[in-house]
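Good morning, and thank you for joining this group meeting. I would ask you to look at the structure on the screen before we go through its parts in turn.

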Amino acid sequence: MALAPELATFAAGCFWGVEHIFLQHFPIAQDKGVLRTRVGFTGGKPEAVDPDYPTVCTGRTDHAEALQIEFDPDKVGYGELVEFFYRTHEPTTLNSQGRDTGTQYRSAIFYHSPEQLQIAKRVTDDVQKKHFDPIGKKIVTQIVPAGPWYDAEDYHQEYLHKNPSGYHCPTHRLHW
């Protein structure tokens, strides 16, 4: 029996780069389990409803730039997506990725179920021990419940696929 599609929501700095690297490694056309992606905002103040990009960039909403992935758990596990998330950014810097600084650029996993919470904690512990303990760094990624999601403006969706020479955060690459 096929499992229903699930959501995974990650913040790892500039959402353009996060979406781009996930789609490079899990191309929708290759049927590797990622069904759809959207970039947007989440994790902000309750009164910061339906924010736009310029407002989020002020840091006053506390929203993170984030990627929401709809995925097929029969083809790719949530744990695999969480590990890939850690491989593709710097999870040991608080509220920053490269030159991008502010709470909107924080590292965060927004879980959608108790099972996702357990998996996120387990994978985080494994990644910490294997990749960061040996170099004396500590993962500062938030693991918090998913809340309201707000799509970013249309021009942000798959931005780096449409604009290959657009800004690329230097931390958005495979680190191991």
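Predicted model: local features only at pLDDT ≥ 70, side-chain atom pairs only at ≥ 80, totals over all residues.

Let me begin with the cysteines. The count of disulfides in this structure comes to zero.

Cys57 itself is partly exposed, at 29% relative accessibility. For Cys169, the closest cysteine sulfur is again in Cys14, here at 7.0 Å, and this too is too far for a bond. Cys169 is buried, with a relative accessibility of 4%.

I turn now to the aromatic residues. The structure holds twelve aromatic pairs. One of them joins Phe10 and Tyr78 in a stacked arrangement, with 6.3 Å from centre to centre and 15° between the planes. Phe10 belongs to strand S1, residues 6-12, and Tyr78 to helix H3, residues 78-87, so this pair ties together parts of the chain that lie 68 residues apart in sequence. Phe10 and Tyr78 are both buried. Phe10 and Tyr78 also belong to a cluster linked by ring pairs, whose other members are Phe22, Phe26, Phe71, Phe84, Phe85 and Tyr86.

This brings us to helix H3 as a whole. How many of the ten residues of H3 are buried? Seven are, so H3 is largely enclosed by the rest of the structure. The buried residues are Tyr78, Gly79, Leu81, Val82, Phe84, Phe85 and Tyr86. They pack against S1, helix H1, strand S3 (64-71), strand S6 (107-111) and helix H4.

Helix H1, residues 15-25, packs with H3 at an angle of about 125°, and the two axes are 11 Å apart. That angle makes H1 oblique to H3. The crossing of H1 and H3 is right-handed. On the H1 side the contact is made by Ile21, Phe22 and His25, and on the H3 side by Leu81, Phe84 and Phe85.

The other helix is H4, residues 114-132. The axes of H3 and H4 come within 9 Å and cross at roughly 45°. H3 and H4 are therefore oblique to each other. H3 passes H4 in a right-handed crossing. H3 contributes Tyr78, Gly79, Val82, Glu83 and Tyr86 to this contact, while H4 contributes Gln116, Ile119, Ala120, Val123, Thr124 and Val127.

Let us return to H1. This helix is mostly covered, with nine of its eleven residues buried. Among them are Phe15, Trp16, Gly17 and Val18. Around the buried residues of H1 are S1, strand S2 (34-42), helix H2 (53-57), S3, H3 and helix H5, against which they pack.

Leaving aside residues up to four places away in sequence, His20 touches Leu160, His161 and His168.

Next, a residue in a loop. Where is Ala152 placed? Ala152 sits in the loop between strand S8 (149-151) and helix H5 (159-162). Is Ala152 buried or exposed? Ala152 is buried, with a relative accessible area of 5%. With residues up to four places away in sequence left out, Ala152 touches Phe15, Val39, Gly40, Phe41 and Gln157. The C-alpha atoms of Ala152 and Pro46 are separated by 17 Å, and the two residues are 106 residues apart along the chain.

Finally, a point about the backbone. Most residues other than glycine have a negative phi. Asp50, which is not a glycine, has a positive phi near 50°. Asp50 lies in the loop between S2 and H2 and is exposed, with a relative accessible area of 58%. Asn95 likewise has a positive phi, of about 55°, although it is not a glycine. Asn95 is found in the loop between H3 and strand S4 (96-97), and it is partly exposed, with a relative accessible area of 24%.

Thank you for your attention.

Definitions and conventions
Residues numbered from 1 in each chain as written. Heavy atoms only, no water. Phe/Tyr/Trp six-rings, centres within 6.5 Å; stacked < 30°, edge-to-face > 60°. Helix = DSSP H or I, 4+ residues; strand = E, 2+ residues; numbered from the N terminus. Buried < 20%, exposed > 50% of the residue type's maximum accessible area, 1.4 Å probe, protein only. Disulfide = S-S within 2.5 Å. Axes fitted to C-alpha atoms, helices over the stretch in contact; angles between N-to-C directions. Parallel < 35°, antiparallel > 145°, perpendicular 65-115°, else oblique. Left-handed = near helix turned anticlockwise from the far one by under 90°. Contact = heavy atoms within 4.5 Å.
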